[in-house]
Amino acid sequence: MNLTNHKTTEEIALGIRRRVFFHTMKNNGGYLSQACSAAESLALLYNEILKLGEPTLPKVPLPFRGVPSADNPDAFTGAGYHGPAAPEYDRFFISPAHYALVIYCALIEVDRMDDGALDHFNKDGSSVEMIGAEHSPGMEVTTGSLAQGLSMASGVAFARQKQNEPGKVWVYMSDGEFQEGQTWECLAAMAHHRIDNIRVVVDVNRQQCDGAMSSVLDLGDLAGRVEAFGATCRSIDGHDLQALRNAANSAEPGKPLIILANTSPFQGMNFLQKRFPRLHYVRFKSAEERLEMQAALAVELGVSPNEMEGA
């Protein structure tokens, strides 16, 4: 079962946004929009839904110890922050590796990682990578090109199903991954093999590195397309916690469950609309620009001047 947590899911979502905000201002750039869109769904998963054991890695992240292999017994994967991979526990796969900062902040908020873990972020020799890899906190696999995470998770889910393990497999994805053919092949395979112990949450924020998805490669009726491939699909407001709860509990026998969490890339930080659709990674061109955004977002997030000074 989950660690005892005295914060509400709403408090954790706000905490995720605040931590990403502090980190972005301190480092002159960061993945702010991903925190805006993903905070509620990640907070709910970690605080209420995922059945995870006690972490098997220390709260202060270890340095990188090399790739796991038979010749490297010191290697580890970041899945240790989700606890042991025992049959009764869920497995959680993060497919969009660029959400790493948001994942780290979520792990800190639910007390699975140390408050100062972000001091190691993107440092040489650190496991706390800017773009998450298999050794990064919360990551079980390196997803490399987007869309690989779902395929790897579905293979684990199929094996668990064959072994009658009660634990589920959860996957977190971005909507841009549905521009990849591998995603659709995986959906077809899961439907064919009736893999129904997998739950997929998709952050549908309709933006990607090159701008708004509508201008890069529009997905059209995504829910209809997913259903046509044989999956159960729930398209909901990704900032509505009760809608997320209901969707998470709506799986159907013999079908994978895909939850399309429709979100805003500036939820809770409306000032970011000024930059839309160039929000994939927020970097500042001048000190004045950073201070303007810092002041505006601090007000929106309820961050006091004293908190800013101590950040």
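Me: On a 1 Å grid over the protein atoms alone, a pocket is an open set with protein on both sides within 12 Å along at least five of seven lines, and its lining residues have an atom within 4 Å of a point. Which residues lie nearest the centre of the largest pocket?

Reply: This is a predicted model: local features need pLDDT of at least 70, side-chain atom pairs count only at pLDDT 80 or more, and totals for chains, interfaces and linings use all residues. Residues are numbered from 1 along each chain as its sequence is written, and side-chain values use heavy atoms, leaving out hydrogens and water. The lining of the largest pocket has 22 residues. Nearest its centre are Arg19, Phe22, His23, Lys26 and Leu118.

Me: Which element gives the largest share of that lining?

Reply: Helices (H or I, at least four residues) and strands (E, at least two) are DSSP runs, numbered from the N terminus. Two or more lining residues come from each of helix H1 (9-27), strand S1 (29-30) and helix H3 (100-109). The largest share, 7 residues, belongs to H1.

Me: How much space lies in the largest pocket?

Reply: A volume here is the space filled by probe spheres set on the grid points, which are joined across faces, edges and corners. For the largest pocket that comes to about 520 Å³.

Me: What is the strand order of the open sheet?

Reply: Two strands pair if DSSP finds at least two bridges between them. The sheet has 5 strands with parallel pairing. Its edges, each pairing on one side only, are strand S2 (91-94) and strand S7 (232-237). The order is S2-S3-S4-S8-S7.

Me: Which residue in S3 stands opposite Phe93?

Reply: S2 and strand S3 (residues 169-174) pair in the parallel sense over 4 bridges. Opposite Phe93 stands Val171.

Me: At what angle does helix H8 run to S7?

Reply: Axes are lines fitted to C-alpha atoms, for helices over the stretch in contact, and angles run from 0 to 180 degrees between N-to-C directions. Contact means heavy atoms within 4.5 Å. H8 (residues 241-248) lies across S3, strand S4 (198-204), S7 and strand S8 (257-262). To S7 it runs at about 175°.

Me: Which residue in S8 stands opposite Asp237?

Reply: S7 and S8 pair in the parallel sense over 6 bridges. Asp237 faces Asn262.

Me: Where is Pro277?

Reply: The peptide bond from Phe276 to Pro277 is cis, with omega near 5°. Pro277 sits in the loop between S8 and strand S9 (282-283).

Notes: On a 1 Å grid over the protein atoms alone, a cavity is a set of points where a 1.4 Å probe fits but cannot get out, and a pocket is an open set with protein on both sides within 12 Å along at least five of seven lines; lining residues have an atom within 4 Å of a point.
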